Amino acid sequence: MAAGVYNQAIGAFQSHSLVNNFNHQQKFNNIGRLVVTKDFISSNCLSRKNFSVIQCIASQTSEVDTASSSSRSKTSARDTHTKSNEAALILVRHGESLWNEKNLFTGCVDVPLSKKGIDEAIEAGKRISSIPVDLIFTSALIRAQMTAMLAMTQHRRRKVPIIVHNESEQAREWSQIFGEDTRKHSIPVITAWQLNERMYGGLQGLNKLQTAERYGKEKVHEWRRSYSIPPPNGESLEMCAERAVAYFRDQIEPQLLSGKNIMISAHGNSLRSIIMYLDKLTSQEVISLELSTGIPMLYIFKEGRFIRRGSPIGPTEAGVYAYTRRLALYRQRLDDVLQ
Amino acid sequence: MMAATFKCPPTTGLHGWGIDASTPRSSRNFVRFYSMRFACNTRYDKLHHVHASISHASFVDPTSLSVSHESSIESTLILIRHGESLWNEKNLFTGCCDVPLTKRGVEEAIEAGKRITYIPVDMIFTSALIRAQMTAMLAMTQHHQKKVPIIIHNESEEATTWTQVYSDKTTKQSIPVITAWELNERMYGELQGLNKQETAERYGHEKVHEWRRSFDIPPPKGESLEMCSKRAVAYFKDFIEPQLKSGKHVMVAAHGNSLRSIIMYLERLTSQEVTSLELSTGIPLLYIYKEGKFMNRGSPVGPTEAGVYAYTQSLSVYRQQLDEMSPCE
């Protein structure tokens, strides 16, 4: 796919103005607002064994100060992000692909979603429909890109995700956007091969039975469960983690630091690698980490730390809550505007 | 939604489009059958339902399901224009901005897929834009044969190595998908991202009308339909037609202007005719490629529309084989 750029470091991408452009004043509530909930559904999507869910109660004073200062200065929402120094990070693992369905090792083969995967993506979208998204990163593979696009069709803010093309001068020129208003309502989508699934080398296209027959059961178990042993001509989880985390730190973290809310749509192994970094897991812990497909995971990035917030609840589940005061305000604004 | 309109408006007669007087009366001992149904605006009182004799040994090859006649190779060409995108919904000029489908566009793609579920597909070509690629992928989730479309990556040595498949059986069950910028929508230059109102205000109504309706006048820093045609048709002739010639069944998922350009070539339209050509979104168009010629076969019937028919003997046999086969693994 032309959108995916292999072997090219994605330097400074085209950054259009990304102001969360709410035309009305930000509300400021000073009394009794529920900031944080304990109703996380974190355990559903991760292996319980090696995980401690970090339940962080955001400190009330720092939140209130932030909100009050923003209301006083009546600056744009973007400045609020910088001042509050808090950003949301959503991780979504794509749903079932056509090869998942057939039980074949997929790796970097560019296989699309199955009908079930499409539904999962839309479901995931419903869960994050009230969480701000300023920027989207996906892998170079269509199943992750489709997941992001399908999910965003459900988003209440109704901004338009637009894939950024930097493959060549012509690609850049041809995909240029004119119109200030249009740009403001766009969410740049950056595709990166570094977020691809772990490359499975000689196993790509084989099914589990074939693979066990060809290589032997123990060998296969080793490749699937070890951290540093790659399949023939493939990547180990360690190698995958190296490129995925490096990309995260170089390209994604600076965006979070500047207050941008980010969604990453990627794959089991690239996301595990990133979570390993976010949660400071050991290689032992990361091997047994299982990520649910199509269930988004939310992190709050604040003051240089990543606070895990579990999984946003689905629309059919009861519960009025917010993860942080800032997200609560965002959701309220959506409710008010989108009557 | 209008079905594709071409130089000769569809008659309400039974045969409508695509019956080639030039095709010689068959000397084979089966009855030639066809059906032409446009998606929405023509109704047929009767449909010819014909049985094809399956006496040709060459057909009975379940894995390859070849659609070759004893006398010549025949292949199908499906053209699909993607459905509604998020900027279509907002009435903005999109061009080559890589904007995805709306919920409605997603549904249109799935509907399109249901219409082509029994038509063989060996290869897929799409543009470099996600809305066309998603359309192809969504449509293929409905395909009867359940082969897996796989996007080919040739951007670099590494890309090629990383995407290699190591099982012949799996490869046989795959449909290569080739993405090409040459099939992109016409590049709209400085109009990209503007809405019609803004554009008329900025440039004047007449100018805008000129860009939209002319063949060779480009918007500022953009492509004219002529320029778009050049690159789209060149790509079609260089890369897609050889595949059809070799008997491969091809699906092309692309955009209004790139598809019009291709249809201009297939149907030998004049520049006047092509500027008034409207393609329905999400309604696939079928062509049969045979002996170097393209025969327009209209639009495959949707699943809710009554009618047992086939476009050609070969396709009928293909369909019958699919019905008889157990799902391939």
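**Entry 1. Terms and model**

I take helices (H or I, at least four residues) and strands (E, at least two) as DSSP runs, numbered from the N terminus. The model I examined is predicted.

I looked up A:Glu123 and A:Lys126, which form a salt bridge with their closest N and O atoms 3.5 Å apart. Both residues belong to helix α4 (residues 115-127) of chain A, and because they are three residues apart there, about one helical turn separates them. I noted A:Glu123 as partly exposed, at a relative accessible area of 36%. A:Lys126 is likewise partly exposed, at 33%.

**Entry 3**

I then turned to A:Glu180 and A:Arg183, whose side chains meet in a salt bridge of 3.5 Å, N to O. The two stand three residues apart in helix α7 (residues 180-184) of chain A, which means a separation of about one helical turn. A:Glu180 has 42% relative accessibility and counts as partly exposed. A:Arg183, at 22%, also counts as partly exposed. I recalled that side chains of opposite charge can pair when their charged atoms come close.

**Entry 2. A salt bridge between strands of chain B**

I next examined the side chains of B:Lys290 and B:Glu74, and they meet in a salt bridge at 3.5 Å, N to O. B:Lys290 lies in strand β6 (residues 285-290) of chain B and B:Glu74 in strand β1 of chain B, so this pair ties together parts that are 216 residues apart in sequence. Are its members buried or exposed? B:Lys290 is buried, with a relative accessible area of 8%. B:Glu74 is buried as well, at 5% relative accessibility.

I also recorded a network of salt bridges that links A:Glu86, A:Lys302 and A:Arg326. Over all chains, I have a count of 15 salt bridges.

**Entry 3. The sheet of chain A**

In which order do the seven strands of the open sheet in chain A stand? I read the order as β3-β4-β2-β5-β1-β6-β7, with mixed pairing. Strands β3 (160-163) and β7 (305-308) of chain A stand at the edges with a single partner strand each, so one side of each has no neighbour in the sheet. Neighbouring strands are turned against each other by 25° on average, with direction ignored.

I followed the pairing strand by strand. Strand β2 (residues 135-139) of chain A pairs with strand β5 (residues 262-266) of chain A in the parallel sense, over four bridges. Here A:Ile136 stands opposite A:Met263 in β5(A). Helix α13 (residues 325-337) of chain A packs on the sheet, where α13 touches β1 (86-93) and β6 (297-302) of chain A. The direction of α13 makes about 75° with that of β1(A).

**Entry 4. Strand β1 of chain A**

I looked at both partners of this strand. With β5(A), strand β1(A) pairs in the parallel sense over five bridges, and the bridge partner of A:Arg93 in β5(A) is A:Ala266. With β6(A), strand β1(A) pairs in the antiparallel sense over six bridges, and A:Ile90 has A:Leu298 as its bridge partner in β6(A). Seven of the eight residues of β1(A) are buried, so this strand is largely enclosed by the rest of the structure. As a general point, in a regular strand the side chains alternate between the two faces of the sheet.

**Entry 5. Nonpolar cores**

Which residues have the most contacts inside the largest nonpolar core? I found A:Met263 and B:Met251, in a core of 48 residues. Residues up to four places away in sequence aside, A:Met263 touches A:Ile90, A:Val92, A:Ile128, A:Val133, A:Leu135, A:Ile136, A:Phe137, A:Ala148 and A:Met152. A second core of 33 residues is separate, and includes A:Leu256, A:Leu271, A:Leu291 and A:Phe306.

**Entry 6. B:His82**

Finally, I located B:His82 in the loop between β1 (74-81) and α1 (86-89) of chain B. Its relative accessibility is 7%; because buried means under 20%, I count B:His82 as buried. The side chains of B:His82 and B:Arg131 are joined by a polar contact of 3.2 Å. Leaving aside neighbours within four places in sequence, I listed the contacts of B:His82 as B:Asn88, B:Leu101, B:Arg131, B:Ala132, B:Thr135, B:Ala254, B:His255, B:Thr281 and B:Gly282.

Definitions and conventions:
Residues numbered from 1 in each chain as written. Chains lettered and ligands numbered in written order. Predicted model: local features only at pLDDT ≥ 70, side-chain atom pairs only at ≥ 80, totals over all residues. Heavy atoms only, no water. Pairing = 2+ DSSP bridges. Axes fitted to C-alpha atoms, helices over the stretch in contact; angles between N-to-C directions. Contact = heavy atoms within 4.5 Å. Buried < 20%, exposed > 50% of the residue type's maximum accessible area, 1.4 Å probe, protein only. Polar contact = N/O pair within 3.5 Å; in protein donor to acceptor, adjacent residues only side chain to side chain. Core = buried A, V, L, I, M, F, W, Y, C linked by side-chain atoms within 4.5 Å. Salt bridge = Lys/Arg side-chain N within 4 Å of Asp/Glu carboxyl O.
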